[in-house]
Amino acid sequence: MTAKLDTIACVRELLQSQSTMTLATVDDRGRPHATPLFFFPHRDLSLCWLSSADSRHSLNLRARPRASVTIYATVDRWEKIRGVQMEGAVRQISEAAERREIMAGYRRRFGLKTALSAVIARATLYAFRPHWIRYLDNGRGFGYKAEIVLHS
C-alpha cells in the first residue's frame with residue numbers, strides 16, 4: 001500500500017508541475033488521433049480541459065467516451081525522463097456548479113482573463129477519470145515504472 005501511495009504522490013506532483021497533455025482518441029473507423037491540450041488536474045487524479053465541440057477529438061469522445069493520456073516534462077537526458085500514461089473514461093461537465101468550480105481553478109492555473117469569457121462559455125468542458133496509470137521515472141533507474149489500477 002505504501003508503494004501505491006508513493007506512486008500516487010509522484011503522479012500528483014507531476015500533474016501539478018506540467019500544463020499540457022497528449023489526449024489520444026479513436027474514431028469510428030478505428031483510426032487513432034492524438035492532440036496536445038492544456039489540462040487542469042482536479043480531484044481523484046482527474047484531468048479537465050476545454051475544447052470545441054466540433055474538434056476531431058471531441059467528435060471521437062462523443063461516440064466513444066474513453067481515451068488515453070500522456071503527460072511528461074521535456075528533458076534533454078534519458079536519466080531525467082519522468083512521465084505518466086493513463087487510460088480512462090471521459091465525460092462532459094454540464095452541471096453548472098461543477099463547471100464553475102473547475103473553471104475557477106482552470107482560470108487561475110492558466111491566468112485566463114475575462115476577455116476570453118465568451119470563447120470559454122462556448123467551449124465544452126471535459127473531465128478524464130483514469131482507471132489505469134503507469135508512472136515512469138528513469139531517475140529511479142532505467143525503465144522504472146509503477147502501475148496502478150484505480151477503478152474500471
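Author: A residue counts as buried when its relative accessible area is under 20%, as exposed when that area is over 50%, and as partly exposed in between (1.4 Å probe, protein chains only). By that rule, 41% of the 152 residues of this chain are buried.

Reader: Thanks! Before we go on, what kind of model is this?

Author: It is a predicted model, where local features need pLDDT of at least 70 and side-chain atom pairs count only at pLDDT 80 or more, while totals for chains, interfaces and linings use all residues. Residues are numbered from 1 along each chain as its sequence is written, and side-chain values use heavy atoms, with hydrogens and water left out.

Reader: How many helices and strands does the chain have?

Author: Helices (H or I, at least four residues) and strands (E, at least two) are DSSP runs, numbered from the N terminus. Here there are 4 helices and 8 strands, and their order along the sequence is α-β-β-β-β-α-β-β-α-α-β-β. The chain is as compact as a globular protein of its length, because its radius of gyration of 16 Å is close to the 15 Å that the globule rule gives for 152 residues. That radius is taken over C-alpha atoms, and the rule is 2.2 Å times the number of residues to the power 0.38. Along its principal axes, the C-alpha trace spans about 45 × 40 × 35 Å.

Reader: Which share of the contacts joins residues at least 24 apart?

Author: Contact means heavy atoms within 4.5 Å. Of the contacts between residues at least 6 apart in sequence, 62% join residues at least 24 apart.

Reader: And how many positive and negative side chains are there?

Author: Lys and Arg count as positive and Asp and Glu as negative, leaving out His and the chain ends; each charge is placed at NZ of Lys, CZ of Arg, CG of Asp or CD of Glu. The chain has 24 positive and 14 negative side chains, and the centres of the two sets are 4 Å apart. As for the surface, carbon and sulfur atoms hold 55% of an accessible area of about 8700 Å², found by the Shrake-Rupley method with a 1.4 Å probe.

Reader: Now a helix. Which residues of helix 2 are buried?

Author: In helix 2 (residues 56–63), they are His 57, Ser 58, Asn 60 and Leu 61. These residues lie on the same side of helix 2, because they cover an arc of only 160° around the axis. The arc is that of the directions from the helix axis to the C-beta atoms. The general idea is that an α-helix has 3.6 residues a turn, so residues three or four places apart point the same way.

Reader: What do those buried residues pack against?

Author: Their partners are strand 1 (20–26), strand 2 (32–38), strand 4 (47–51), strand 5 (66–72), strand 6 (82–92) and strand 7 (124–137).

Reader: Is Thr 7 buried or exposed?

Author: Thr 7, in helix 1 (residues 2–17), is buried, with a relative accessible area of 4%. Leaving aside neighbours within four places in sequence, Thr 7 is in contact with Tyr 135, Ala 146 and Ile 148.

Reader: What does Thr 124 touch?

Author: Thr 124 lies in strand 7 and counts as buried at 12% relative accessibility. Not counting residues up to four places away in sequence, Thr 124 touches Trp 49, Leu 50, Ser 51, Ala 53, Gln 92 and Arg 99.

Reader: Where is Glu 79?

Author: Glu 79 is in the loop between strand 5 and strand 6. Its relative accessible area is 28%, so Glu 79 is partly exposed. Asn 138 and Gly 139 are touched by Glu 79, not counting residues up to four places away in sequence.

Reader: One for the backbone: what is the phi of Asp 44?

Author: Asp 44 has a positive phi of about 55° although it is not a glycine, and Leu 45 likewise has a positive phi, about 60°, without being a glycine. Asp 44 is in the loop between strand 3 (40–41) and strand 4, and Leu 45 is also in the loop between strand 3 and strand 4. Leu 45 is buried, with a relative accessible area of 5%.
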